[in-house]
Every structure is written in structure tokens, then in C-alpha cells.
Amino acid sequence: MTTVTTVPEDARPQIGPKLTANRLPKWTPPVVAVASIAVGCGIGAAAGLESHLQWGLLSALLFLLGGYLLSAQVEGRRQAKDRLATSVVWVAFILAVVPLASLTVYTIQQGIGVVNGNFLSHSMKGVIQSGPGGGIYHALLGTLQQVGLATLMAAPVGLLTAVYLVEYGRGRLAKTVTFFVDVMTGVPSIVAGLFILSLWNLALGFNYSGFSGSLALAILMIPVVVRSTEEMLKLVPNELREASYALGVPKWKTILRIVLPTAIGGITTGVMLAVARITGETAPVMMLVFGADYINSNPFDGPQQSLPMYIWQQYSVVNNDFGYARAWGAALVLIAFVMGLNLIARGIARWRSPKAGH
């Protein structure tokens, strides 16, 4: 008969480190954050630091240091390093969001009192720069036409270029196209304006017009569309292409019916982001569109106004409270326009996502 001897758990030998350790409560990070802010503001006030930005940076450093030391004392160094990395990510996120939120709130405070029906439906014709009245209708119309023309030119070129690079691009030509797309991505807007000015206006003899500005904006927009579309096309599984080829579908039809519809959400988002990128450009508009204080609904003939240039003109007049107010109002409309484009892009991307079943 076999006798089984039971060894007490406390007497068993320990093999390797413990798999469980002490853990800080879930409310620890918020408490450490509040304490760090209080201590950081106190130190900043005692040291005579006038900038609240310095107070914030000091509080962030205290939050990182305090969280790491507390976690190392209770949970161990390994868990403390993990918490430190997480805290760094949160601090970086806050440092990125706070300026954007502050800018948005300040613009709303400064411009909300000006934006009304009269402001959106009138131009600056016959209005004294230093006096009241006037609006942004001519600038808003010019921006919509210039950006619309640039999108009509840049979106198809960028889309077809991306399709070539992903589906057909091989050899030196593809590498050359990729190289020039990368170069164009970093081209300053003033260079694009100078190129169109030299070629379109000076060499070919065309006058200032909204279309001239659209050509420069299209140059700035093309590389963004190419890069975003290229990445979206690469995310399409190759199994979809192979299944289509196995059924005898030609490559061009596979791209048109399978690849592009699958990636249409991301492609649309990239195009909208490119539109948002060129909407606020000022340098090409100043050089090529020239600006006007009246309504010009023909973008192919004569100077035309745009929102970025309107903001610069109104704010450039010294000691002009009415101009400052109009500039902030136009800035608020411009931000709302760009935000609307981003919301439309996100809505289309979600609608056309595979999860939505479209």
C-alpha cells in the first residue's frame, strides 16, 4: 500500500520569480496627476515663473517621476517602466491636444461675434478697411472654386499614379516616379507658386486668376493623394486579386471592380485630408490669384479672393479693430470648413468600410 505524503505549501521550494505581485489601485494615476499639477503650480508660483506653459511642463515632469517612483516601490521596476511608458504617451497626447484646443477655443471667442448672415453674404466692395461692415462672401466663393478646381485636377492624377505604382510599377520608371513624389511632398508652397507664375503667367502670358492658384494648389495636393492612396491600395489583401484572376477577370477590371471599391474609404479620407491641407495656403494665392475686394465668380478671368488671403489682408492693417474682428471671423469659418471636410471624410470611410457591408 502506497503512502502519499503531503508537503505544506509554505515548505515547497520556489522556482523562479513570483508570478503575482502587488498592484497599485486604478485610481492611482489620476491622484498622482492631480498632486503633480498642484505641486507644479505651487513651485511655479513660488519660483516666479510667469508662463503657465512652464507650470504645465513642470507638472508633467513631476507626474512622470512620481508615478515611476511610486510604482517601483510597490510593483517593482519592471512594472514601473511599463507605467512610465504609458505615462509618457499620455503626456505627449495632452501636449499635442492642449494647443489645438486652446487655438480652437480662442478663435471661437474672437470670431463668433462677427459671423452672421450679413458677414457670410456680403463682400468688401465699397467698405473701408478700417471701418465696420463687409463680409467674406467673395473670399468664401473664391476658396471653394480654387480648391474645387485643384481637387478636380489633382485627385485623378494622384489616384492613377498610385494605381500604377501598386499594381503595375516595376523597374526604374516606378522608382523614378516614387522619388519625385517624395520630393514633391516636401516642396514649399512658395516654390509651387513660383513655378506656376513662371510657366503659366510669364511664359504663356495668362493673367492673374483663380485657376492659376488652383494649378499651384494641385501641385501641392498630388503627392499627398498619391501617398495616401498608395498605402490604402497596399492594404487590400492579395487574395482578393488572386480570386478575381482565377475567375478569368482581367487585371484592369479587377482593379476597377475589386481593389478600388475595397479601398475607397481610405482613398476618400486621403483626398479630403489633401483638400484640407491646401485650403489654408496663402503664398500661392498671393502670387497667382492676386486678391480682390469684390465678387468674381469666374475663376478663369481676373483676380479673385480667398479666405487665407482675406485673413492676412484684414489683420495686416495696424490698429484696426474692425479688420481684426473680420480676420478672426474668417479664420473661424475656415476652421469650420476644414473640420467639416474631415468629418465628411470620416463619415465616408466608415460608410464604405468592410464592417458596414458596402
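This is a predicted model: local features need pLDDT of at least 70, side-chain atom pairs count only at pLDDT 80 or more; totals for chains, interfaces and linings use all residues.
**Notebook: salt bridges, helices and core**

I looked up E75 first: its relative accessibility is 8%, so E75 counts as buried.

Residues are numbered from 1 along each chain as its sequence is written, and side-chain values use heavy atoms, with hydrogens and water left out.

**Entry: salt bridges**

What does E75 pair with? I find a salt bridge to R83, where the closest N and O atoms are 2.7 Å apart. The criterion is a side-chain nitrogen of Lys or Arg within 4 Å of a carboxyl oxygen of Asp or Glu. By this rule I get six salt bridges. R83 has 23% relative accessibility and therefore counts as partly exposed. As background, side chains of opposite charge can pair when their charged atoms come close.

I then went to E230, which forms a salt bridge with R227, with 2.6 Å between the closest N and O atoms. E230 also forms a salt bridge with K234, where the corresponding distance is 3.6 Å. Why are E230 and R227 about one helical turn apart? They are three residues apart in helix α8. E230 and K234 are four residues apart in α8, which again means a separation of about one helical turn. The general rule is 3.6 residues a turn in an α-helix, so residues three or four places apart point the same way. E230 is buried, with a relative accessible area of 6%, whereas R227 is partly exposed at 23%. I also record that D182, R227, E230 and K234 are linked in a network of salt bridges.

Helices are taken as DSSP runs (H or I, at least four residues; strands are E, at least two), numbered from the N terminus. α8 covers residues 210-234, 25 residues in total, and reaches 36 Å from its first C-alpha to its last, close to the expected 36 Å. The expected span is 1.5 Å times one less than the number of residues.

Where is α8 bent? I find a kink of about 30° at M221, shortly before the proline P223. The bend is the angle between axes fitted to the seven residues ending at a position and the seven starting there. α8 is mostly covered, with 19 of its 25 residues buried.

M221 comes up again in the largest nonpolar core, which has 40 residues: M221, L233, V271 and I278 touch the most other members. The largest share, eleven residues, comes from α8. Other helices that supply at least two residues each include α5 (137-168), α10 (251-279) and α13 (321-351). I count as a core a set of buried Ala, Val, Leu, Ile, Met, Phe, Trp, Tyr and Cys residues joined through side-chain atoms within 4.5 Å.

**Entry: helix α10**

I note a kink of about 60° in α10, centred on I264.

**Entry: surface of α3**

Which residues form a nonpolar patch on the surface? I list W90, F93, I94, V97 and V98, with about 490 Å² of accessible area together. Patches use residues with over 30% relative accessible area and no salt bridge; nonpolar side chains (Val, Leu, Ile, Met, Phe, Trp, Tyr) are joined within 5 Å, like charges within 9 Å. The areas come from the Shrake-Rupley method with a 1.4 Å probe, and for residues only the protein chains shown count as cover. W90 lies in helix α3 (residues 77-111) and is exposed at 53% relative accessibility. V89 is also placed in α3 and is exposed at 57%.

**Entry: F290**

I checked the phi of F290: the value is near 80°, positive in a residue other than glycine. In general, most residues other than glycine have a negative phi. F290 sits in the loop between α11 and α12 (307-316) and is partly exposed at 46% relative accessibility. I also looked up M287, which is in helix α11 and is buried, with a relative accessible area of 17%.

Terms used. Buried means under 20% relative accessible area, exposed over 50%, partly exposed in between (1.4 Å probe, protein chains only).
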